[in-house]
Amino acid sequence: MEWLTLIDELEHNTPEKVWVVREELDTAEVFEIKKLEAHFILVLDGVLRMENEHQQILHYFMKNNVIYQSPYELRVQNKLKLVAETPAQIVLLHREFFLNYATNKPLYSEKLMRAIMENSANFMFELMKNDLKAEDRLAYSLQQICQSLTLERENEYYILPEYINKNKLALYSNISRKSLYSYLQKLENKEVVKVNGNQILVRIDRFTDAENEDWL
């Protein structure tokens, strides 16, 4: 079952309209994180980023991703921020209502569980990045972007979207801008990336082959 079909059914059957709420976010708009206390989020369209209090980018969420973990349960509500990287459409689903509804809808429970497991796996990979040395964090970040976002292609290269500029890439990789320029130059010399001004293109076969670990 597609998420949109599920949302339509929930909207039709909810006894309280505030339990299923569609919202639109403009580029750079900050989501009111307090809403995650009672709801979880389904991303219908667009891209959102999660960042910490130091503006380090922790993760990107895109269409059909679910943001389920409550920062209030984790006691990090003052340390995380959710920002629209592009114009975005989301749905807020009331946690208790959804779980009660899914009691008689095993398919709903399975769909939510799969989404939560995918989120957990993605966060684990993001955490692993912090154990790498700085130059490898950049390569790892590029690989994660290529594998998790829907990117346009130009011949044998992926084109990183405009919102992932050099500054954002440095924040996502948790490296300095000076280091970023140096490591990008290494990758460009190896023809792994192409840099045209602020646009970055990533060679597809070097970042999608699981056996290819010689990035830098």
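Modeller: Before we discuss helix packing in this predicted model, a definition: axes are lines fitted to C-alpha atoms, for helices over the stretch in contact, and angles run from 0 to 180 degrees between N-to-C directions.

Biologist: Understood. At what angle do H4 and H5 pack, and how far apart are their axes?

Modeller: The angle between H4 and helix H5 (residues 166-173) is about 105°, and their axes are 9 Å apart. Angles of 65 to 115 degrees count as roughly perpendicular, and H4 and H5 are therefore roughly perpendicular to each other.

Biologist: Which residues make the contact?

Modeller: H4 contributes Arg137, Leu138, Ser141, Leu142, Gln144 and Ile145, while Leu169, Tyr172 and Ser173 come from H5. By class, the residues of this contact of H4 with H5 are 5 nonpolar, 3 polar and 1 charged.

Biologist: Changing topic, how is the chain divided into domains?

Modeller: The protein chain has domain 1 (3-128) and domain 2 (133-209). Their C-alpha centres lie 27 Å apart, and the contact takes 14 residues from domain 1 and 11 residues from domain 2.

Biologist: And the second largest pocket: how much space lies in it?

Modeller: The second largest pocket holds about 220 Å³ of space. Its lining includes His59, Tyr60, Glu118, Asn122, Gln144 and Gln147. Strand E4 (57-61), helix H3 (106-129) and helix H4 (134-148) are the elements that give two or more residues to that lining.

Biologist: How many residues does each domain give to the lining?

Modeller: Domain 1 and domain 2 each supply at least three residues to the lining of the second largest pocket.

Biologist: What is the make-up of that lining by class?

Modeller: The lining of the second largest pocket has 4 nonpolar, 6 polar and 1 charged residues.

Terms used:
Residues numbered from 1 in each chain as written. Predicted model: local features only at pLDDT ≥ 70, side-chain atom pairs only at ≥ 80, totals over all residues. Heavy atoms only, no water. 1 Å grid on protein atoms, 1.4 Å probe; cavity = no way out; pocket = protein on both sides within 12 Å on 5 of 7 lines; lining within 4 Å. Points joined across faces, edges and corners; volume = space filled by probe spheres on them. Helix = DSSP H or I, 4+ residues; strand = E, 2+ residues; numbered from the N terminus. Nonpolar A, V, L, I, M, F, W, Y, C, P; charged D, E, K, R; others polar. Domains from an automatic or database assignment. Parallel < 35°, antiparallel > 145°, perpendicular 65-115°, else oblique. Contact = heavy atoms within 4.5 Å.
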